[in-house]
Amino acid sequence: MKTFKYYIYTTLLATVFSCTYDFPEKEESTSGGADFTKYVSVGNSLTAGFMDGALYDRGQANSFTSILAGQMKLVGGGDFNQPDINSPAGFFRFAPDGQTPLGRLILQSPGGVCGPSPSPIVPGNLPQPFSGDLSQLNNFGVPGLTLGTALLPQTGGPANGNPYYNPYYARFAS
């Protein structure tokens, strides 16, 4: 019983005479000596915002380049323009029939032993040409593009039998 009382008194004393925590003051963000007025990103699917197996609106809005541009804007950065796909379903690939575009992948309810499995949204949306001002773009991320194919003019089209064709690149290629 003496040991129990000792622990109770020690706990009470420690609680009464314990330290207080002083929260650090919030520092103001600055750009330091960097100039963030112009930010251009070049890359592949990660740069473009390819997510859930497709390029679609929410994926582009949550791309790391878009997040970085938002942080840079807080310290004087300029506008960040990316070639928005304007599709909530996005484009994944064509269905086995070769005609129906499939959208981003979503988890469906459990259908088997392994639980939910990813299934595409049907129908998806074919990538349409970018309708904005091409000279104002800052994000040149293209899913599936490699340096070798970026140097080939066939990457932009036409699609008929062209092994280098990339529909994401063709959207805003000049």
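**Note on backbone, rings and surface**

1. Asn-86 sits in the loop between helix 4 and strand 2. Helices (H or I, at least four residues) and strands (E, at least two) are DSSP runs, numbered from the N terminus. Phi of Asn-86 is near 55°, a positive value in a residue other than glycine. Its relative accessible area is 61%, so Asn-86 is exposed. Cut-offs here: buried is under 20% relative accessible area, exposed is over 50%, and partly exposed lies in between (1.4 Å probe, protein chains only).

2. On the source: this is a predicted model, where local features need pLDDT of at least 70, side-chain atom pairs count only at pLDDT 80 or more, and totals for chains, interfaces and linings use all residues. Residues are numbered from 1 along each chain as its sequence is written, and side-chain values use heavy atoms, with hydrogens and water left out.

3. Asp-52 also deserves a look. It has a positive phi of about 55° although it is not a glycine. Asp-52 lies in the loop between helix 2 (45–48) and helix 3 (57–61). With a relative accessible area of 34%, Asp-52 is partly exposed. Most residues other than glycine have a negative phi, and most peptide bonds are trans.

4. Check two cis peptide bonds. One joins Val-122 and Pro-123, with omega about -5°. Pro-123 is in the loop between strand 5 (118–120) and strand 6 (139–141). Another joins Gly-157 and Pro-158, with omega about 0°. Pro-158 is in the loop between helix 5 (147–150) and helix 6 (167–170).

5. Now the rings. There are six aromatic pairs in the structure. Rings of Phe, Tyr and Trp (its six-membered ring) pair if their centres lie within 6.5 Å; planes under 30 degrees apart count as stacked, over 60 as edge-to-face and the rest as tilted. Tyr-39 and Phe-80 are stacked, at 5.4 Å centre to centre and 25° between the planes. This pair links distant parts of the chain, 41 residues apart. Tyr-39 is in the loop between helix 1 (2–16) and strand 1 (41–43), and Phe-80 is in the loop between helix 4 (64–73) and strand 2 (93–94). Tyr-39 is buried, at 17% relative accessible area.

6. Phe-91 and Phe-94 pair edge-to-face: 5.5 Å centre to centre, 70° between the planes. Phe-91 counts as buried at 7% relative accessibility, whereas Phe-94 counts as partly exposed at 35%.

7. A charge meets a ring at Tyr-56. Arg-104 lies over its face, 4.9 Å from the ring centre. The rule asks for NZ of Lys or CZ of Arg within 6 Å of the ring centre and within 35 degrees of the ring normal.

8. The salt bridge count comes to one. The rule is a side-chain nitrogen of Lys or Arg within 4 Å of a carboxyl oxygen of Asp or Glu. Lys-73 pairs with Asp-79, the closest N and O atoms being 2.7 Å apart. Lys-73 is partly exposed at 44% relative accessibility. Asp-79 is exposed, with a relative accessible area of 57%.

9. Helix 1 is hardly covered: the count of buried residues among its 15 is zero.
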